[in-house]
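Here are my notes on the model, point by point. Please read them with the coordinates open.

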Amino acid sequence: MFEVVAPGLARLGIVFVNVYALGEPGRPWLLLDADLAGSAGLIRRAVEGRFGEGARPEGILLTHGHFDHVGAARVLAEGWDVPIFAHPLEAPYLTGRSDYPPRDPTMGGAMAHMSRLMPDHGYDFSDRVRELPADGGLPALPDWRWLHTPGHTPGHVSLYREADGVLLAADAFATMNLDSWSAYLTREREFSGPSPPFTFDWGIAQQSIEKLAELEPGVVAAGHGLAMSGEDVACRLREFTAGFTPPLRGRYVASPSVAGEDGVEELPPPAPDPYARGAGASAGALVVGLMLLMLLALARRRRR
Ligand SMILES: [Zn+2]
Ligand SMILES: [Zn+2]
């Protein structure tokens, strides 16, 4: 079920990712992101719970094209017969023109280990993809604006509603520590950087975090983690931003991948991966697979 985060903003958490519904029931609304593959049924049921039977959005806005944000996009868009909105610089990965740079599982931490089993390819939703309005507005929702916040991916966008200071950061940063195994269970709220193995330009990512902190939001919701609100949120976000430094090591830390209008153009060389050889790789994948299964089982039990 969707949980209301702020007026006209509701969150649906599935396993470790969030989907949001922007807009009030009875009025035009948008779905923000489309979670993991296989979650279309769950999203549809939650949508009917909030907006009523047969409800459909004006479109699906994808903050970026990572597998955990677009998994059910095609099924939902076709079922509802609606467009998919994205930033033009994200379009190459959503229209079959480019894959993302390879994920970097060598960075350490929970997400990096799990990323060994996660895809980093692009998708082809060509017939449905439309560019976000160039004036920074959102289709059908005049109170909201989109902000280009690249670094995690080239065409990553965050959303902001200035009237009451509500920020949807998507994956520009997270509101949980993606590196900590226990955070996936405790859901402890804290500001944390973007997902390390899937962030391809740390310098630009840092600038995007700074840009969002300057908004001094009163409510902050992200692609991963629970929403944060209260008088101290803007201050906590500023403190996090001031102390933020890119990871110490990783393929994309010293030099970023370069992307253009048609997708990835240049990649730094792969980082040495101690698990990438023979038996070590199989054993590593097995352990990560078991951890993932355990997390999924626990997440399901907690939802009941
Ligand atoms: Zn992402
Ligand atoms: Zn994500």
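The points below cover the basis of the model, the metal site, the voids, the backbone and the salt bridges.

1. Basis. This is a predicted model, in which local features need pLDDT of at least 70, side-chain atom pairs count only at pLDDT 80 or more, and totals for chains, interfaces and linings use all residues. Residues are numbered from 1 along each chain as its sequence is written, chains are lettered from A and ligands numbered from 1 in the order in which they are written, and side-chain values use heavy atoms, with hydrogens and water left out.

2. Donors here are N, O and S atoms within 2.8 Å of the metal (3.2 Å for Na, K and Ca); water is not among the atoms, so sites may look incomplete.

3. For reference, ideal angles at a metal are 109.5 degrees for four tetrahedral donors.

4. Asp171 coordinates both the zinc ion (ligand 1) and the zinc ion (ligand 2), which are 3.3 Å apart. His66 and His152 link distant parts of the chain, 86 residues apart. His66 is in the loop between strand E5 (60–61) and helix H2 (67–70). His152 is in the loop between strand E9 (141–148) and strand E10 (157–161). Helices (H or I, at least four residues) and strands (E, at least two) are DSSP runs, numbered from the N terminus.

5. Burial of the histidines. Are His66 and His152 buried or exposed? His66 counts as buried because its relative accessibility is 4%. His152 is buried too, at 2%. The classes are buried under 20% relative accessible area, exposed over 50%, and partly exposed in between (1.4 Å probe, protein chains only).

6. Cavities. The structure holds two cavities of 30 Å³ or more. Ala, Val, Leu, Ile, Met, Phe, Trp, Tyr, Cys and Pro count as nonpolar, Asp, Glu, Lys and Arg as charged, and the others, Gly among them, as polar.

7. Pocket. The second largest pocket has a volume of about 290 Å³. It is lined by 18 residues, and Asp179, Ser192, Gly193, Phe244 and Thr245 lie nearest its centre. Ten of the lining residues are nonpolar, six polar and two charged. On a 1 Å grid over the protein atoms alone, a cavity is a set of points where a 1.4 Å probe fits but cannot get out, and a pocket is an open set with protein on both sides within 12 Å along at least five of seven lines; lining residues have an atom within 4 Å of a point. Grid points are joined across faces, edges and corners, and a volume is the space filled by probe spheres set on the points.

8. Backbone. Most residues other than glycine have a negative phi. Asp33 has a positive phi of about 70°. Asp33 sits in the loop between strand E4 (30–32) and helix H1 (40–51), and is buried at 2% relative accessibility. Arg187 also has a positive phi, near 60°. Arg187 lies in the loop between helix H6 (183–186) and helix H7 (202–213), and is buried at 16%.

9. Salt bridges. The count is nine, a salt bridge being a side-chain nitrogen of Lys or Arg within 4 Å of a carboxyl oxygen of Asp or Glu. Arg238 pairs with Glu216, with closest N and O atoms 2.5 Å apart. Arg238 is partly exposed at 38%, as is Glu216 at 43%. Asp164 and Arg161 form another, at 2.8 Å. Here Asp164 is partly exposed at 34%, whereas Arg161 is buried at 8%.
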